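Here are my notes on the model, point by point. Please read them with the structure open.

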Amino acid sequence: MLLEKTWLSGEEKENMTTVAARKKEVTRDLDHCDIPYYVSEFVEREVGNDYDSLRKLDNLIDKLSENKKQLEEQVLTVSSEVPKRIQNALKNAEDSKKSLSRLLEEEALLSDSISSHLLKAQPWMEDLDVLISQVEEIERHLSYLKWISRIEELSDSIQQYLMTNNVPEAASTLAFMAELDIKLQESSCSHLLAFVRSTVKFWHKILKDKLSSDFEEVLTQLRWPFVGPPQSQAFGLAAPAIAADVYNNLEMLFCQLLKLQTSDELLTKPKQLPEKYSLPPSPPIILPIQIMLNPLQKRFKYHFTGNKQTNVLNKPEWYLTQVLMWIGNHAKFLDDKIQPILDKAGSSVNAGLEFSRALVMLILEKLAVDIPCLLYDDTLFCHLVDEVLLFERELYSVHGYLSSFPSCMHILSEESCFQRWLTVEKKFALQKMDSMLSSEAAWISQYKDITDVDEMKVPDCAETFMTLLLVITDRYKNLPTASRKLQFLGLQKELVDDFRIRLTQVMKEETRASLGFRYCAILNAVNYIATVLADWADNVFFLQLQQAELEVRAESNAVSKLQLGQLASMESSVFDEMINLLERLKHDMLTRQVDHVFREVKDAAKLYKKERWLSLPSQAEQAVMSLSSTACPMLLTLRDRLLQLEQQLCHSLFKIFWQMLAEKVDIYIYQEIIMANHFNEGGAAQLQFDMSRNLFPLFSHYCKRPENYFKHIKEACIILNLNVGSALLLKDVLQSASENETLKPNQPSPTAALNELGVYKLAQKDVEILLNLRASWPNTGK
């Protein structure tokens with residue numbers, strides 16, 4: 001029995017091994033329902049490697065049988081339900097098909113019925129179309145007749161009003177008729193339009209003539225136009241009752257003429273200048289103001305056209321001044337008497353500006369005629385431009401003329417005229433530059449005797465040049481378009497560059513005398529121009545030009561994205577290129593001056609370099625410390641040159657100069673004198689005395705702590721004058737650090753040790769060299 005169990009156990013093991021091997025061989029087929037795989041998984045899960053679990057097979061088989069039975073029942077249930085559902089679906093489909101067939105039959109019948117009806121109704125439709133067309137034609141005729149009747153009614157009304165002398169109602173009716181004319185503009189009835197227009201024209205002429213005559217009579221009673229200044233005007237009539245009647249008539253007639261404005265605009269085409277002048281659109285002058293302007297226009301044309309002695313090309317100021325006088329003479333009357341009438345009538349028109357606008361149009365017409373005649377005569381053209389600019393300035397500043405109105409600048413902006421203006425402007429500017437640079441006082445400051453004013457020490461030529469640029473800016477800043485302003489800005493840049501080149505040429509002639517008066521004056525001029533241009537760059541006017549230039553460049557892709565970004569962020573300005581060139585020239589000139597003075601200092605320091613620093617007596621051996629005699633030439637040279645240039649250079653330039661010089665002197669003395677010698681105790685003390693009590697004070701007039709500009713010298717003196725103990729400790733710290741030795745617990749780092757002594761500039765190696773330059777070291781036994 002035991003052997004049988006053993007044999008069975010062996011057989012079971014063999015079976016289990018076989019099952020395990022097969023399990024390893026079974027792989028899952030992902031594309032199909034893989035029964036072997038699931039069986040293998042099931043056996044592995046329920047039996048596994050536990051041979052004792054084989055005893056559970058009976059229960060497992062029973063369980064599986066039960067599951068199988070349940071599944072078979074479910075399959076039978078489903079297989080019995082599915083045919084019923086399919087049968088119902090087929091029945092529904094069959095019913096739908098029958099319904100669709102029935103609907104198609106009905107649709108075919110209905111279609112045939114409609115077609116038959118249309119065939120029968122076709123003759124009726126044709127007859128009906130004819131009738132409808134006839135009705136529409138009759139309606140159009142009726143509407144046409146109604147329009148004619150309406151216009152005739154209005155015309156009859158106007159006639160009746162005029163017969164009864166009811167001019168206000170006649171004017172109102174004409175205004176209504178003019179509005180009807182405007183509404184009919186889209187109509188294709190040309191004869192109707194012509195009839196309406198002729199009717200409006202007929203009554204407009206009658207009413208305008210009547211009202212104009214009455215209005216002119218009232219103006220005559222008021223002694224219009226006023227030829228004298230406001231103080232001498234007597235438009236307040238002698239008898240108050242008569243004056244009141246006159247002003248009442250003035251108001252009544254003015255309002256009636258206002259009612260004719262619509263018909264007047266329909267019938268009268270305003271005088272237009274050629275498109276090349278690009279005048280901004282503006283409404284016609286209101287009719288009452290036109291009538292008020294008639295006598296002035298007649299006077300203007302009489303005096304300033306034709307062969308009259310007052311019409312000469314070389315005297316544009318005559319007609320410009322005359323127009324300004326007329327505007328000024330009538331301003332009070334227009335504000336006091338006419339503006340209230342307009343306000344009462346609900347008009348938005350400003351009487352003074354309307355009056356000025358009409359007179360300015362006379363000027364524009366005159367300029368358009370005169371400019372071609374003097375375009376190539378520089379003197380006459382330049383005189384005309386000057387007078388026009390003066391006229392514009394007074395027109396805007398005194399009389400409040402609006403920039404949105406047509407102005408003389410539009411005439412000057414016409415292409416041929418504008419290019420000529422640019423050419424003449426440049427020509428005269430260059431001539432002015434020639435004269436200012438050749439003047440005897442070109443390099444002398446106008447304010448040399450006034451200390452408070454002469455801080456910049458600006459030579460006369462530089463101040464005159466910047467005034468010239470400022471005048472040019474004032475001349476073109478009211479131009480109507482940004483593109484024209486940018487062209488003038490380009491001219492200003494050309495002039496700045498030309499002036500810079502001229503300054504450079506004069507500077508080169510003075511190079512041998514780089515400390516001379518003229519050389520310093522040139523340097524002051526360069527600095528002044530750069531400073532003023534930098535100030536202008538923040539001016540609103542030039543910021544607007546910068547924005548306009550940005551837009552132009554962006555459209556033309558003339559600059560890189562980086563430059564566009566700088567312009568847009570206001571990091572740069574319109575004068576940056578010029579300022580950079582001037583700053584470079586200023587730096588070169590300052591460097592040349594510093595080098596010149598530095599060479600003199602080096603020549604004067606030759607004896608000081610040879611001083612016997614190793615054998616000088618100690619401080620204890622001297623009663624009083626005194627300046628080294630060999631240092632006197634060097635310090636005297638420094639003092640004299642500093643005083644000279646302080647007087648000749650402006651404060652900002654001199655500050656840059658002495659700081660550059662101090663840096664050079666600091667490095668020179670440190671490298672050529674201190675690092676090139678050995679020092680005993682007396683020599684180190686003498687060096688410190690010479691520097692701290694004599695060299696540094698030379699610069700104390702220009703700053704509070706001059707020793708900060710001589711850090712190499714100051715710190716070298718500190719190292720050389722350390723007492724022996726401190727010097728030994730410092731040397732030990734530095735040597736330990738250089739030999740990578742571990743610092744002792746309480747020993748400071750080299751940097752901390754140097755900082756504690758006040759040494760920040762010198763490197764550790766330089767300090768070690770300076771310590772080795774000390775001649776007196778005690779014998780430490782090492």
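1. A definition comes before the pocket. A pocket here is an open set of grid points where a 1.4 Å probe fits, with protein on both sides within 12 Å along at least five of seven lines. Keep in mind that the model is predicted.

2. The largest pocket has a volume of about 720 Å³. Its lining counts 28 residues, and P270, K271, I285, Q290 and Q297 are the closest to the centre.

3. Which helix gives the most to the lining of the largest pocket? The answer is α8, with 7 residues. Three helices each supply at least two lining residues: α7 (261-267), α8 (287-304) and α10 (351-374). By class, the lining of this pocket holds 14 nonpolar, 8 charged and 6 polar residues.

4. Now the chain as a whole. Its secondary structure comes to 27 helices and 0 strands. Of its 782 residues, 38% are buried. Take the contacts between residues at least 6 apart in sequence: 76% of them join residues at least 24 apart. The accessible surface comes to about 45600 Å², and carbon and sulfur atoms account for 54% of that.

5. Aromatic pairs deserve a look. The structure holds 32 of them. One is W224 with F226: the ring centres lie 5.3 Å apart and the planes meet at 70°, so this pair is edge-to-face. The cut-off for that label is over 60 degrees. Buried or exposed, these two residues? Both W224 and F226 are buried.

6. W224 and P225 are joined by a cis peptide bond, with omega at about -5°. P225 sits in the loop between α5 (190-221) and α6 (240-259).

7. A second aromatic pair is F418 with F488. Ring centres are 5.6 Å apart and planes are at 80°, so the pair is edge-to-face. This pair links distant parts of the chain: F418 belongs to helix α13 (residues 415-438) and F488 to helix α15 (residues 482-509), 70 residues apart. Both F418 and F488 are buried. They also belong to a cluster linked by ring pairs, which includes W421, Y476, W536, F541, F542 and F575.

8. Look next at E611. Where is E611 found? It is in the loop between α20 (606-609) and α21 (632-648). The relative accessible area of E611 is 17%, so the residue counts as buried; the cut-off is under 20%. Leaving aside neighbours within four places in sequence, E611 is in contact with L616, S628, T630 and N677. E611 and I673 are 62 residues apart in sequence, yet 9.0 Å apart in space, C-alpha to C-alpha.

9. S278 is not a glycine, but has a positive phi of about 50°. S278 lies in the loop between α7 and α8. With a relative accessible area of 52%, S278 is exposed.

10. K457 is the other residue to check. K457 also has a positive phi of about 50° without being a glycine. K457 is found in the loop between α13 and α14 (460-476). Its relative accessible area is 23%, so K457 is partly exposed. That class lies between the 20% limit for buried and the 50% limit for exposed.

Conventions:
Residues are numbered from 1 along each chain as its sequence is written. This is a predicted model: local features need pLDDT of at least 70, side-chain atom pairs count only at pLDDT 80 or more; totals for chains, interfaces and linings use all residues. Side-chain values use heavy atoms; hydrogens and water are left out. On a 1 Å grid over the protein atoms alone, a cavity is a set of points where a 1.4 Å probe fits but cannot get out, and a pocket is an open set with protein on both sides within 12 Å along at least five of seven lines; lining residues have an atom within 4 Å of a point. Grid points are joined across faces, edges and corners, and a volume is the space filled by probe spheres set on the points. Helices (H or I, at least four residues) and strands (E, at least two) are DSSP runs, numbered from the N terminus. Ala, Val, Leu, Ile, Met, Phe, Trp, Tyr, Cys and Pro count as nonpolar, Asp, Glu, Lys and Arg as charged, and the others, Gly among them, as polar. Buried means under 20% relative accessible area, exposed over 50%, partly exposed in between (1.4 Å probe, protein chains only). Contact means heavy atoms within 4.5 Å. Accessible areas come from the Shrake-Rupley method with a 1.4 Å probe; for residues, only the protein chains shown count as cover. Rings of Phe, Tyr and Trp (its six-membered ring) pair if their centres lie within 6.5 Å; planes under 30 degrees apart count as stacked, over 60 as edge-to-face and the rest as tilted.
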